[in-house]
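This note comments on the structure shown below.

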Number of protein chains: 2
Amino acid sequence: MRIGVLGTGIVGRTLASALLSNGHEVRLGARNAGNEAAVAWADGIGGPASEGTFADAAGFGELLFNATAGAASLDALALAGAEQLAGKVLVDVANPLDSARGTGPVLTVCNDDSLGEQIQRTFADVRVVKALNTVTAAVMVDPWLVDGAHTIFVAGDDAAAKTEVGELLRAFGWPAASILDLGDITAARGMEMYMALWLRLWGAAGTAVLNVDVRPAR
Amino acid sequence: MRIGVLGTGIVGRTLASALLSNGHEVRLGARNAGNEAAVAWADGIGGPASEGTFADAAGFGELLFNATAGAASLDALALAGAEQLAGKVLVDVANPLDSARGTGPVLTVCNDDSLGEQIQRTFADVRVVKALNTVTAAVMVDPWLVDGAHTIFVAGDDAAAKTEVGELLRAFGWPAASILDLGDITAARGMEMYMALWLRLWGAAGTAVLNVDVRPAR
């Protein structure tokens with residue numbers, strides 16, 4: 001499949017490399033074509049890897065990942081172009097963290113709204129699936145790094161889109177039993193607000209390579 | 001030990017009963033003495049169980065639990081009386097849920113503050129330990145209800161207070177290895193914001209009897 005990954009940070013590059021390994025053609029999109037990290041990635045990794053603007057990546061991809069900084073995601077998607085997003089599955093892995101605030105990261109949107117919902121409202125024809133935002137980049141594409149069984153959440157209004165994303169997750173190594181569908185896109189609130197807990201888990205563990213396993217009643 | 005439990009809902013009564021079973025003397029506190037649920041509890045359970053006002057329970061207890069509705073907790077603690085709280089360990093199990101808002105529960109405080117911090121700021125001489133707010137009442141006092149290992153968080157500024165609360169948790173059945181100290185009271189933000197995810201986990205599971213297990217890196 002042709003996949004566009006918006007965002008050239010560690011999350012975008014990690015996803016792009018793993019998708020390439022799984023046999024997809026991948027274009028990494030940045031605010032400007034020729035982005036240093038994107039060019040280095042495309043040149044270094046070989047295979048059907050390319051880079052360009054957000055619009056280039058969005059036009060290229062049959063399916064898209066939003067791996068931009070959450071506070072900048074709506075702007076990045078506007079640059080990608082609503083008409084190039086329309087009808088496509090968009091996996092939103094971003095967290096709306098505002099690292100500029102003094103007392104530790106806070107969210108730019110939360111509680112009665114979420115970035116996932118904002119994206120779905122702003123680009124109504126996009127099939128948004130919130131996923132993977134609850135783990136660090138390395139774990140997204142290699143769940144084996146965390147010991148034992150652990151859970152990855154998906155949420156979105158389009159059941160077929162969630163099924164398609166579930167197949168990509170399984171190719172990353174997530175067992176079907178570890179993929180938990182939390183329902184419609186409003187579940188993105190909980191998935192994003194979990195960042196506040198996750199940052200403390202990271203602090204307590206001394207590493208971001210961790211996750212939670214949802215344990216059922218006996 | 002003499003323990004005062006503020007709040008006569010299912011959380012307060014469940015904690016009070018379990019503490020009584022573990023050999024403590026327990027007074028359940030309500031806004032008004034003679035609260036129907038509190039009287040029924042004290043009359044029905046036998047042993048060193050009593051009920052009274054928030055102030056009665058706070059004065060009685062050497063250690064206190066805040067099991068009031070989060071949106072009303074600061075008022076309840078003011079009625080309990082700052083001078084009766086001073087120097088005592090207060091286990092804050094409340095979540096600041098605003099069930100009055102139309103689109104599903106939201107928090108009355110979150111992101112750059114938390115109920116746990118508000119309580120600690122308002123009653124500076126109280127040794128606040130945020131704990132148990134991330135599981136349903138039955139699981140708080142009987143972690144065996146959830147299958148396999150799973151994690152309970154504690155946070156607070158007073159290390160000795162957290163140790164004391166850890167002993168109460170162990171008496172409820174939480175293994176030492178499952179008690180995770182997230183640091184100072186600002187970690188209450190993440191523990192309370194987790195409610196937004198937890199409510200969706202409940203929805204997905206069809207039961208509130210569940211929890212998460214924090215899984216480390218291999």
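How many residues does the contact take from chain A, and how many from chain B?

1. The contact takes 40 residues from chain A and 40 residues from chain B. It should be kept in mind throughout that this is a predicted model.

2. On the side of chain A that touches chain B, at least two residues come from each of strand S7 (106–107), strand S10 (179–181), helix H9 (188–205) and strand S11 (211–215) of chain A. H9(A) gives the most to this side, namely 13 residues. By residue type, the side of chain A that touches chain B comprises 23 nonpolar, nine polar and eight charged residues.

3. Strand pairing also joins the two chains. S11(A) pairs with strand S11 (residues 211–215) of chain B in the antiparallel sense, over five bridges. Within this pairing, A:Asn211 stands opposite B:Arg215 in S11(B).

4. Turning to chain A as a whole, its secondary structure comes to nine helices and eleven strands. For 218 residues, a compact globule would have a radius of gyration near 17 Å, and the 16 Å of chain A agrees with this. Along the principal axes, the C-alpha atoms of chain A fill a box of roughly 50 × 40 × 35 Å.

5. Burial and contact range in chain A may be read together. Of its 218 residues, 55% count as buried. Where contacts in chain A are between residues at least 6 apart in sequence, 71% of them join residues at least 24 apart.

6. In chain B, eight strands form an open sheet with mixed pairing, in the order S3-S2-S1-S4-S5-S8-S9-S10. Strand S3 (49–53) and strand S10 (179–181) of chain B stand at the edges; each has a single partner strand, so one side of each is left without a neighbour in the sheet. From one strand to the next, the twist averages 25 degrees.

7. Strand S2 (residues 25–30) of chain B pairs with S3(B) in the parallel sense over five bridges. The bridge partner of B:Leu28 in S3(B) is B:Glu51. Helix H1 (residues 10–21) of chain B packs on the sheet, where H1 touches strand S1 (2–6), S2, S3 and strand S4 (63–66) of chain B. The direction of this helix makes about 165 degrees with that of S2(B).

Terms used. Residues are numbered from 1 along each chain as its sequence is written. Chains are lettered from A and ligands numbered from 1 in the order in which they are written. This is a predicted model: local features need pLDDT of at least 70, side-chain atom pairs count only at pLDDT 80 or more; totals for chains, interfaces and linings use all residues. Helices (H or I, at least four residues) and strands (E, at least two) are DSSP runs, numbered from the N terminus. The radius of gyration is taken over C-alpha atoms; the globule rule is 2.2 Å times the number of residues to the power 0.38. A residue is buried if 20 or more other C-beta atoms lie within 10 Å of its own, exposed if 12 or fewer, and partly exposed in between; C-beta atoms are placed from the backbone. Two residues are in contact if their C-beta atoms, placed from the backbone, lie within 7 Å. Ala, Val, Leu, Ile, Met, Phe, Trp, Tyr, Cys and Pro count as nonpolar, Asp, Glu, Lys and Arg as charged, and the others, Gly among them, as polar. Two strands pair if DSSP finds at least two bridges between them. Axes are lines fitted to C-alpha atoms, for helices over the stretch in contact, and angles run from 0 to 180 degrees between N-to-C directions.
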